[in-house]
Amino acid sequence: MAMSSSLAAIRRRAVAPSPLAARARAMASLFGHVEPAPKDPILGVTEAFLADPSPDKVNVGVGAYRDDNGKPVVLDCVREAERRIAGNLNMEYLPMGGSIKMIEESLKLAYGEDSEFIKDKRIAAVQALSGTGACRLFADFQRRFLPDSQIYIPTPTWSNHHNIWRDAQVPQRTFTYYHPESRGLDFAGLMDDIKNAPNGSFFLLHACAHNPTGVDPTEEQWREISYQFKVKNHFPFFDMAYQGFASGDPERDARAIRIFLEDGHQIGCAQSYAKNMGLYGQRAGCLSILCEDEMQAVAVKSQLQQIARPMYSNPPVHGSLVVSIILNDPELKSLWLKEVKGMADRIIGMRKALRENLESLGSHLSWDHITNQIGMFCYSGMTPEQVDRLTNEYHIYMTRNGRISMAGVTTGNVAYLANAIHEVTKTK
Ligand code: PLA
């Protein structure tokens with residue numbers, strides 16, 4: 001039926017351009033091609049968990065520490081540092097490179113209290129937006145000053161590593177790390193890939209508590225890796241997001257880095273206080289690059305600052321105050337060390353409990369890897385389909401690669417979790 005002329009007039013009037021509507025339409029078409037981004041494989045899990053009304057729900061997705069009641073934890077040392085900050089310290093801008101005190105303390109943690117490299121001022125370091133920001137700053141630096149270089153990333157790795165170096169436009173390669181059958185390190189494959197990479201390649205290494213596998217090289221293996229890096233003149237970039245979470249002792253967890261330092265490597269290092277100080281949302285971290293001499297370190301630091309300035313100008317002040325107050329005060333520092341150990345120990349206890357629960361349910365599978373793996377995560381070996389069943393049938397939320405954040409497992413939910421895992425894994 002033909003449209004009546006009066007109706008057509010109304011339609012015309014309805015779409016007659018008011019200046020505002022026209023602008024809105026122009027905007028709409030300007031961004032009309034923008035598709036929703038895919039959900040983040042880790043933080044997307046938290047979103048889905050929050051949206052689930054079930055009282056039984058369990059979140060073992062993101063690596064955020066919980067106490068045995070499943071509640072987020074603010075460490076006592078942090079509370080005390082905050083008491084000292086409140087009403088006493090101002091909130092002025094930090095310098096572009098961040099808090100000098102916080103950087104000094106961070107370097108001691110990573111490179112050692114009496115490190116000659118610190119004394120010789122050979123380390124270019126800036127405060128960074130936690131571990132992610134430190135990695136990104138390094139990736140941008142790499143792109144700017146070594147534009148022909150690539151980054152070798154372990155398989156598997158923390159998913160965001162790929163995004164970080166992608167957005168910094170550094171080409172990526174992968175290297176062998178995990179051996180799915182043995183649920184351990186594929187040391188032979190790793191060494192082959194190190195040998196086969198072009199001389200002078202950049203490698204991303206997890207300093208300790210590898211995410212997601214919970215599998216680290218032994219000290220002896222680290223020595224061999226370091227030796228081979230020397231032969232090949234590779235550059236190791238350490239992402240140290242879990243210092244203290246592997247062994248319960250931050251000093252011990254810096255062992256891999258120290259081995260590389262002893263062997264005379266130049267290294268890069270991303271540090272994060274998200275996990276080991278529980279400062280997740282404060283975005284407190286540090287990026288450091290060991291240079292050949294003080295002059296080079298000054299130049300490198302100035303360039304890192306110049307990358308930071310147009311991006312976020314300078315880093316946040318509160319977290320840096322908390323970190324430097326704790327690490328500067330011997331009493332608070334020892335309280336911190338005790339609390340880190342407490343977190344690591346609770347996780348170790350939960351590994352034991354999860355494994356025992358699965359075994360007592362009569363699971364025919366081996367769950368040794370739950371207690372063999374270290375750090376925050378258990379790389380369970382479950383398939384994406386099994387994970388989907390856990391989520392859909394049991395309201396258990398975790399990443400689809402089968403990673404369980406042991407930090408979210410508690411005395412209260414471990415039996416429920418074990419039972420659900422048993423149910424989805426007992427038949428193929
Ligand atoms: N590097 C590794 C290896 C990590 O696992 C994480 C965090 C970071 C860096 C960055 O942490 P930060 O920026 O907060 O300091 N990984 C978490 C969280 C804990 C996340 O995905 O952002 C994870 O669940 O894997």
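Which domains give residues to the shell around the ligand?

## Model and position of the ligand

Domain 1 (42-74 + 341-425) and domain 2 (94-328) both do, so the ligand lies between them. The domain bounds come from an automatic or database domain assignment.

This is a predicted model: local features need pLDDT of at least 70, side-chain atom pairs count only at pLDDT 80 or more, and totals for chains, interfaces and linings use all residues. Residues are numbered from 1 along each chain as its sequence is written, and side-chain values use heavy atoms, leaving out hydrogens and water.

## The shell

The ligand is surrounded by 17 residues. Each has a heavy atom within 4 Å of it. The closest are S130, T132, D239, Y242 and S272. Helix α7 (residues 130-145) gives the largest share, three residues. Helices (H or I, at least four residues) and strands (E, at least two) are DSSP runs, numbered from the N terminus.

Seven shell residues are nonpolar, six are polar and four are charged. Here Ala, Val, Leu, Ile, Met, Phe, Trp, Tyr, Cys and Pro count as nonpolar, Asp, Glu, Lys and Arg as charged, and the others, Gly among them, as polar.

## Polar contacts and cover

For S130 the distance is 2.5 Å. For N211 it is 2.6 Å. For Y242 it is also 2.6 Å. The protein covers 92% of the 530 Å² of accessible area that the ligand has on its own. That area comes from the Shrake-Rupley method with a 1.4 Å probe.

Most residues other than glycine have a negative phi, and most peptide bonds are trans. A cis peptide bond joins N211 and P212, with omega about 15 degrees. P212 is in the loop between β7 (202-206) and α10 (219-232). N211 also has the side chain 2.6 Å from a ligand oxygen.

Another cis bond joins T155 and P156, with omega about -5 degrees. P156 lies between β3 (151-155) and α8 (159-167), in a loop. R283 has a positive phi, near 55 degrees. R283 sits in the loop between β9 (268-272) and β10 (284-290).

Notes: A polar contact is a pair of N or O atoms within 3.5 Å; within protein, one must be able to donate a hydrogen and the other to accept it, and residues adjacent in sequence count only if both atoms are side-chain atoms.
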